[in-house]
Amino acid sequence: MILKEGDVVFEVPDKLTVTKKDEVFYNPRMKTGRDISVVIVQAFLNLYHKKDKFYVCDALAGSGIRGLRYAKELKFDGELKVFLNDINPKAYEKIINNAKLNEIENIEVFNEDANTFLSRHFRFFNVVDLDPFGSPAPYIDQAIRALVTRNGLLCLTATDTAALCGRAKKSCLRKYLAYPLFGRDCHEFALRVLVGYAMRMATKYELALKPVFCHATDHYVRVYLVTDRGAKRADKVFEMLGYVKDVNGVKIIRKFEEGYEKGFSGPLYIGNLYDKALVEEALRIAEERKCSERVLKILNAIKGESAINQVGCYDTHQIGKMLKISVPPMQDIINKLKEMGFEATVTHYNPKGIKTNTTLKNVIEAMYKC
Ligand code: SAM
């Protein structure tokens, strides 16, 4: 069957079950994520990239929809080239046919194991995108090596949310060498565990990764990190890592250098997950491209979050349950907190979650005053 997504028309098998067993994988539910990917990579290109060549790698390409959209939709004055790879020979053929269907010529297509492919391209790509079945962990090391060492963009999708969100603790430890945090804001901690893991993988190469954007949507999480080089910068990464414990909705944070203590989760990233300028540029591009209401809603919520440095959020339903009170409308609580002189916003991953620069006590006071 022929489908259209963004500016790309493409063919996928008639019988799509959206499981690993499909002849060629395509999941229409990931469209929002791919729309956001195009917008974020464009924002990155506009703000971070100063050279005349821009090489993007879609290492686990499936039908090729993601890489082909980058090839067709990104706007760049210099040489833009996308390298698509998939281990499945049927996917490889499909990508070539889909490129022909759209008359896309600024691509190269490969049929290799992703790690083999990436390791053949040492410090070559400006962007490496990993969109696997489940966890990206098995490919992160080679992806880091395949990126340019300054202003390279690493994009990671993870669909193994049971592990990252804390329902499958052993799996999280196995894949990400970290204890996850299960709770109302577990999706944010999934992002923080994944970011922290990628950062730790990069330090041995004297590289510092910095998150610039991330989101938890539907059944997956997605993070974007930028490379920088130098041992000193890599050393500083550990200042942004730590361990977190949730005590009745309040987060206790231990620095990485203080070491692990039983009952804490981590190591995970405890800094700001966003580059404010990039978020604003992404929102501008998304509005210009007339992206869907859903994409704009996610980006707007994230714009609010990017201004507040809280690790996790306060879940108003959990507070309501604890105090045995009914929960006022979210916007009323946010307005009340602002009246009290604090910053406050709703999180993109939990419609009942508030991020604010004040204490739980003040959030409770705001709820009572509503
Ligand atoms: N990126 C695609 C999209 O946006 O629609 C979806 C990719 S799908 C989730 C994961 C793909 O990884 C599958 O097409 C699968 O054939 C491929 N794959 C699995 N193991 C691989 C490996 N070791 N090397 C390269 N490709 C692999």
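Colleague: How many residues sit between strand 10 and strand 11 in their hairpin?

Modeller: Two residues lie between strand 10 and strand 11 there, and Asn248 in the turn has a positive phi of about 50°. Keep in mind that this is a predicted model.

Colleague: And how many bridges do strand 10 and strand 11 pair over?

Modeller: Six bridges, with the pairing in the antiparallel sense; strand 11 covers residues 250–255.

Colleague: What about strand 10 and strand 12, which sense do they pair in?

Modeller: Antiparallel, over three bridges, with strand 10 at residues 241–247 and strand 12 at residues 265–269. Leu241 stands opposite Tyr269 of strand 12.

Colleague: Which peptide bond is cis?

Modeller: The bond from Gly266 to Pro267 is cis, with omega near 5°. Pro267 belongs to strand 12.

Colleague: How many bridges join strand 14 to strand 15?

Modeller: Three, and strand 15 spans residues 353–356. Thr345 has Lys355 in strand 15 as its bridge partner.

Colleague: Switching to the ligand. How many residues surround it?

Modeller: 21 residues do, and the closest are Leu60, Gly62, Ile87, Ala114 and Asp131.

Colleague: How does that shell divide into nonpolar, polar and charged?

Modeller: There are 11 nonpolar residues, five polar and five charged in the shell around the ligand.

Colleague: Now helices. Why is helix 5 described as largely enclosed?

Modeller: Eight of the 10 residues of helix 5 (residues 137–146) are buried, so the rest of the structure largely encloses it. Among the buried ones are Tyr139, Gln142 and Arg145.

Colleague: And helix 1, how many of its residues are buried?

Modeller: 13 of the 18 are buried, so helix 1 is also largely enclosed by the rest of the structure.

Colleague: How far apart are the end C-alpha atoms of helix 1?

Modeller: They are 25 Å apart. At 1.5 Å a residue, the 18 residues of helix 1 (residues 31–48) should span 26 Å, so the two values agree.

Colleague: Is Lys290 buried or exposed?

Modeller: Exposed, because Lys290 has 8 C-beta neighbours inside 10 Å.

Colleague: And where is Lys324 found?

Modeller: In the loop between helix 12 (316–323) and helix 13 (330–339). Lys324 has a positive phi of about 55° too, and is not a glycine. With 6 C-beta neighbours inside 10 Å, Lys324 counts as exposed.

Colleague: Last topic, the whole chain. What does its secondary structure come to?

Modeller: The protein chain has 14 helices and 15 strands. Of its 370 residues, 49% count as buried.

Colleague: What radius of gyration does the protein chain have?

Modeller: 21 Å, which agrees with the value near 21 Å for a compact globule with 370 residues. Along its principal axes, the C-alpha trace spans about 60 × 40 × 40 Å.

Definitions and conventions
Residues numbered from 1 in each chain as written. Predicted model: local features only at pLDDT ≥ 70, side-chain atom pairs only at ≥ 80, totals over all residues. Near = placed C-beta within 6 Å. Nonpolar A, V, L, I, M, F, W, Y, C, P; charged D, E, K, R; others polar. Pairing = 2+ DSSP bridges. Helix = DSSP H or I, 4+ residues; strand = E, 2+ residues; numbered from the N terminus. Buried ≥ 20, exposed ≤ 12 C-beta atoms within 10 Å, placed from the backbone. Expected span 1.5 Å × (residues − 1). Rg over C-alpha atoms; globule rule 2.2 N^0.38 Å.
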